[in-house]
Amino acid sequence: VETLAVLGRCSEPVTDDLSRRIATTGAQVQSATGDIFAARLPSDRIVALPKLDFVQRLELSQTSEPLSP
């Protein structure tokens with residue numbers, strides 16, 4: 001199963017409690033600032049995350065490559 005990196009927006013600031021609730025979907029919150037969070041989760045669990053009542057938006061994170069000199 002592939003691991004996906006996602007960005008999400010919540011209806012309220014991401015607290016430790018919300019991070020624990022996000023983790024119940026199989027996601028691991030990597031960072032959070034205000035109402036935005038970055039997380040990683042197995043691709044087969046992606047449908048569980050937007051079902052949380054406080055998750056308003058979810059999108060796949062894009063990977064970036066370093067600029068060539």
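Which residues does glutamate 59 touch, not counting residues up to four places away in sequence? In this predicted model, glutamate 59 touches Ala5, Val6 and Leu7.

- An open sheet is formed by 4 strands, which stand in the order 2-3-1-4 with antiparallel pairing.
- Strand 2 (28-33) and strand 4 are the edge strands; each has a single partner strand, so one side of each has no neighbour in the sheet.
- From one strand to the next, the twist averages 25°.
- In general, the strands of a sheet pair through backbone hydrogen bonds, and the pairing may be parallel or antiparallel.
- The antiparallel pairing of strand 2 with strand 3 (residues 36-42) extends over 5 bridges.
- Alanine 32 has phenylalanine 37, in strand 3, as its bridge partner.

**The largest nonpolar core**

- The largest nonpolar core has 13 residues, of which Ile22, Phe37, Leu49, Leu52 and Phe54 touch the most other members.
- At least two residues of this core come from each of strand 1 (3-10), helix 1 (16-23) and strand 3.
- Strand 3 supplies the largest share of the core, namely 3 residues.

**Threonine 25**

- Threonine 25 is located in the loop between helix 1 and strand 2.
- With a relative accessible area of 4%, threonine 25 falls under the 20% limit and is therefore buried.
- A polar atom of the threonine 25 side chain lies 2.6 Å from the backbone oxygen of isoleucine 22.
- Beyond its neighbours within four places in sequence, threonine 25 is in contact with Arg45, Ala48, Leu49 and Leu52.
- Two of these contacts, Leu49 and Leu52, are among the core residues that touch the most other members.

**Salt bridges**

- The structure contains 3 salt bridges.
- Arginine 21 and aspartate 53 form another salt bridge, in which the closest N and O atoms are 3.1 Å apart.
- Arginine 21 belongs to helix 1 and aspartate 53 to the loop between strand 3 and strand 4, so this pair ties together parts that are 32 residues apart in sequence.
- Arginine 21 is partly exposed, with a relative accessible area of 33%, whereas aspartate 53 is exposed, with 66%.
- A further salt bridge, with an N to O distance of 3.1 Å, links the side chains of arginine 57 and glutamate 59.
- Arginine 57 is exposed, with a relative accessible area of 52%, while glutamate 59 is partly exposed, with 35%.

- Glutamate 59 is 20 residues from alanine 39 in sequence, and their C-alpha atoms are 11 Å apart in space.

Key:
Residues are numbered from 1 along each chain as its sequence is written. This is a predicted model: local features need pLDDT of at least 70, side-chain atom pairs count only at pLDDT 80 or more; totals for chains, interfaces and linings use all residues. Side-chain values use heavy atoms; hydrogens and water are left out. Contact means heavy atoms within 4.5 Å. Two strands pair if DSSP finds at least two bridges between them. Axes are lines fitted to C-alpha atoms, for helices over the stretch in contact, and angles run from 0 to 180 degrees between N-to-C directions. A nonpolar core is a set of buried Ala, Val, Leu, Ile, Met, Phe, Trp, Tyr and Cys residues joined through side-chain atoms within 4.5 Å. Buried means under 20% relative accessible area, exposed over 50%, partly exposed in between (1.4 Å probe, protein chains only). A polar contact is a pair of N or O atoms within 3.5 Å; within protein, one must be able to donate a hydrogen and the other to accept it, and residues adjacent in sequence count only if both atoms are side-chain atoms. A salt bridge is a side-chain nitrogen of Lys or Arg within 4 Å of a carboxyl oxygen of Asp or Glu.
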